[in-house]
Amino acid sequence: MSERPIDSALWSDRDVRATTRRLATVHEATLAGEVTGGAPLAAPRAVIGESWRRAQVSGVDPDRDSPQRLLSVAELAHRRQVSQLAAVLPVLHEGLLPGADAAQQIMVVTDAEGRVLWRDGSAPVRRMADRLGFDKGADWREGVVGTNAIGTALVARRPVLVHSAEHFVRSHHQWTCAAAPLHDPRDGRLLGTVDLSGPAPSFHPTTLSLVSAVARLAEGELRDRHQLSLERLRSSAAPVLARLGGRALAVDPNGWVVGVTGLTPPDRVALPKAPQAGPLWLPRYGSCVLEPLPGGWLIRVGGREPDLTPSRVVLDVSGRDGPTITVSGPAGSWVHELTPRHAELLFVLAAHPQGRSAAELARDLFGDESRTVTVRAELSRLRRHLASVLAHRPYRFADGVEVELHLPAARAHLLPQSSAPAVAAARRG
């Protein structure tokens, strides 16, 4: 049987049971051909056949589920916090969840390694998925569970539907899954996948198109967020660049350029993976010096290395406006608006100049020393803006930085929306 009839049957055959039997015949014939060395009488679709061969090379057993080693709670929380896909969950939910529950489906979002980060939708189907180990933190790569929409989409780098017996492992034949990869629109990097999965009879031929369209909407949301962050950085960088002599560029954390002085503006600069304030060498510009800006970096090109030590930080939690931090450095001063969580963190660090461990900060903010993963993730985000003024081991303001704390006239008004134990204690005086 050729690939085309199987593909056509998958999309147009109204008799679901007949389609399932036809695909099961292809599955058995292909595996039997691999075992005996003979040519199968029927062939799977190309994307499925290639995936089956990869699963066999990886040693996946079609007759046995591989035991899952789920991520720990802490590791799952960390991956969720650092994933760019967290920002587009509302788009994915709005596009896919309203119909998923009624259609007996679940929505699954994975990272680029095939680890399940989020799962939602029909409660009965979630319980069915639990029996397969298809739970939060599970590893759904082809090399672990065989052909499936998530793992195959990660390899093929395109939307994939895997129907019934197209799954390599027989225990998955009762399922149909449709997944689309999600990419970072800035550089094309693979971020993960979004998937709809459910019992094979419940799937509609348009499911793959729906998942693909919602994935494109999510990527569009990421693109819009990136443009907005560039505009904010451009506003902050413009006065800094205007005061400088010589050559300099303002870039976001990924090297996208928002402003230059004394240079022809490129679109992007290749930064190190984990840039830090100080001297560095860049292929296009040679010897440079990196200084932090709110939401990015100032790159001074050539010339003599300036003194990079910031002289003063003003943390304003007085309540007159939103909480802010003003940093005075070699390029002048700039102001960064703080999120409520970052305001809490910096207030605690200002109140403890000797520094705090991750466990101590977790107790200060949440009353729970075990929440160190959350603390470290938030501090990592803060250091993107304040790398030169924050130190770690323990976490603290860097040595030599003068810290000035502006409090409200009445301590009872300190960060009024905060429920952090350390802030509550400070309000009481």
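**Notes on the predicted model**

1. A156 is partly exposed, since its relative accessible area of 30% falls between the 20% limit for buried and the 50% limit for exposed. Please bear in mind that this is a predicted model. A156 belongs to helix α8, which covers residues 149-156.

2. Next, a helix pair. Helix α10 (residues 340-351) packs with helix α11 (residues 358-366) at an angle of about 120°, and their axes are 11 Å apart. The two helices are therefore oblique to each other, and the crossing of α10 and α11 is right-handed. On the α10 side, R341, E344, L345, V348 and L349 meet L361, D364, L365 and F366 of α11. The residues of this contact comprise six nonpolar, three charged and no polar ones.

3. The largest nonpolar core has 46 residues, and I325, L346 and L386 touch the most other members. Elements giving two or more residues to this core include α9 (207-243), β12 (324-329), α11 and α12 (372-386). Helix α10 gives the most, with seven residues.

4. I325 deserves a look of its own. Beyond its neighbours within four places in sequence, I325 is in contact with V313, V314, L315, W334, V335, H336, L338, L346, L386 and F397.

5. Finally, a second, separate core contains 30 residues, among them V47, V108, V116 and V162.

How values were computed: Residues are numbered from 1 along each chain as its sequence is written. This is a predicted model: local features need pLDDT of at least 70, side-chain atom pairs count only at pLDDT 80 or more; totals for chains, interfaces and linings use all residues. Side-chain values use heavy atoms; hydrogens and water are left out. Helices (H or I, at least four residues) and strands (E, at least two) are DSSP runs, numbered from the N terminus. Buried means under 20% relative accessible area, exposed over 50%, partly exposed in between (1.4 Å probe, protein chains only). Axes are lines fitted to C-alpha atoms, for helices over the stretch in contact, and angles run from 0 to 180 degrees between N-to-C directions. Angles under 35 degrees count as roughly parallel, over 145 as roughly antiparallel, 65 to 115 as roughly perpendicular and the rest as oblique. A crossing is left-handed if the near helix is turned anticlockwise from the far one by less than a right angle, and right-handed if clockwise. Contact means heavy atoms within 4.5 Å. Ala, Val, Leu, Ile, Met, Phe, Trp, Tyr, Cys and Pro count as nonpolar, Asp, Glu, Lys and Arg as charged, and the others, Gly among them, as polar. A nonpolar core is a set of buried Ala, Val, Leu, Ile, Met, Phe, Trp, Tyr and Cys residues joined through side-chain atoms within 4.5 Å.
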